[in-house]
Amino acid sequence: MAPHSSAIAHRSVTSRGGRIHLVEQGTGPLVLLIHGFPESWYSWRHQLPALAAAGYRAVAIDVRGYGRSSAPAATDAYRMLDLVEDNAAVVGALGEESAVIVGHDWGATIAADSALLRPEVFRAVGLLSVPYTPPGGPRPTSVFDRMGGDEEFYVPYFQEPGRAEAEIEPDVRGWLAGFYAALSADTMPAAGAPDPHFVSRGGTLRDRFPDGRLPGWLGEQDLDFYAAEFERTGLTGALNRYRNMDRDWEDLTAFNGAPITQPSVFIGGALDASTTWLSDAIDAYPATLPGLVSSHVLDGCGHWIQQERPAEVNRILTQWLATLPG
């Protein structure tokens, strides 16, 4: 293992929206890692040393609104165009002209749109858990509002400022533990149990979280880290990502139906609703991701893929990175 691969460094850089906190490890071609909801740079803790050991400069950021990054007050400061520009600003601030970008959950969508909007900066893209679907189609909130029948899908539940915060923030640690467990392979509700992606009318998401043990990937110290971050920052910045989906739909109309042509890789979990509900998007990859190098759906894996199955994800990512030019 190279000497540099054991050390990580924290720093902050400036973007148009303020400060972006990042953690970096290793030297070599830049690989930018983008987390999802409700996570932080820490969700890439297993990938940073593996990528550094493989000869890459691995950089994991706190997305705008999370951790030590700036959290603007305005709801519309979390639109996709701003997050893409944050990522491009990080690349430039690190003295690089281009990067490979890899994202999980919302980070996968942010990574995909970064590659779509700024192909001169992002030369390849890795997507974890959430498949690529080109911009376009019906207005997002009109689709999500129709889901669930007598129940409410979690995306509309997150739309009203303050509503989800009122559920989460009185017990951040307990809520996070339940949310992580609900979407993890070894602790998710059994088939046929009420779906934790939906809320009963007048209820909360937490009503359907499993009780008891933490998922195998999440130690008490890991949960402590996540909880401390959100207890300090609150959840509004993170939830504002959901509150900009219609703005994104309007902002990206020039890219409706557009494929991502750079080299790409997809890794999903077979037990992850993000993968199963969007199976048609995976089937469409020959058209939507014509540069796809490989696609993987991991048996017995839930949503938190790089934390549930770090060795397998690290192997797939390093093998894919080795195929890229330059």
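A crossing of two helices is left-handed if the near helix is turned anticlockwise from the far one by less than a right angle, and right-handed if clockwise. The model is predicted, with local features requiring pLDDT of at least 70 and side-chain atom pairs pLDDT 80 or more, while totals for chains, interfaces and linings use all residues. Residues are numbered from 1 along each chain as its sequence is written, and side-chain values use heavy atoms, without hydrogens and water.

The crossing of α7 and α8 is right-handed. The axes (lines fitted to C-alpha atoms over the stretch in contact, with angles from 0 to 180 degrees between N-to-C directions) of α7, residues 172–182, and α8, residues 220–233, come within 9 Å and cross at roughly 125°. α7 is therefore oblique to α8, angles under 35 degrees being roughly parallel, over 145 roughly antiparallel, 65 to 115 roughly perpendicular and the rest oblique. Helices are DSSP runs of H or I with at least four residues, numbered from the N terminus. In this contact (heavy atoms within 4.5 Å), α7 contributes V172, R173, L176, A177 and Y180, and the residues of α8 include L223, Y226 and F230.

A cavity is a set of points on a 1 Å grid over the protein atoms alone where a 1.4 Å probe fits but cannot get out, and its lining residues have an atom within 4 Å of a point. Two cavities of 30 Å³ or more are counted. I20, I34 and D86 are among the residues lining the second largest cavity, to which helix α2 (residues 80–93) gives the largest share of the lining, three residues.

Methods. Helices (H or I, at least four residues) and strands (E, at least two) are DSSP runs, numbered from the N terminus. On a 1 Å grid over the protein atoms alone, a cavity is a set of points where a 1.4 Å probe fits but cannot get out, and a pocket is an open set with protein on both sides within 12 Å along at least five of seven lines; lining residues have an atom within 4 Å of a point. Grid points are joined across faces, edges and corners, and a volume is the space filled by probe spheres set on the points.
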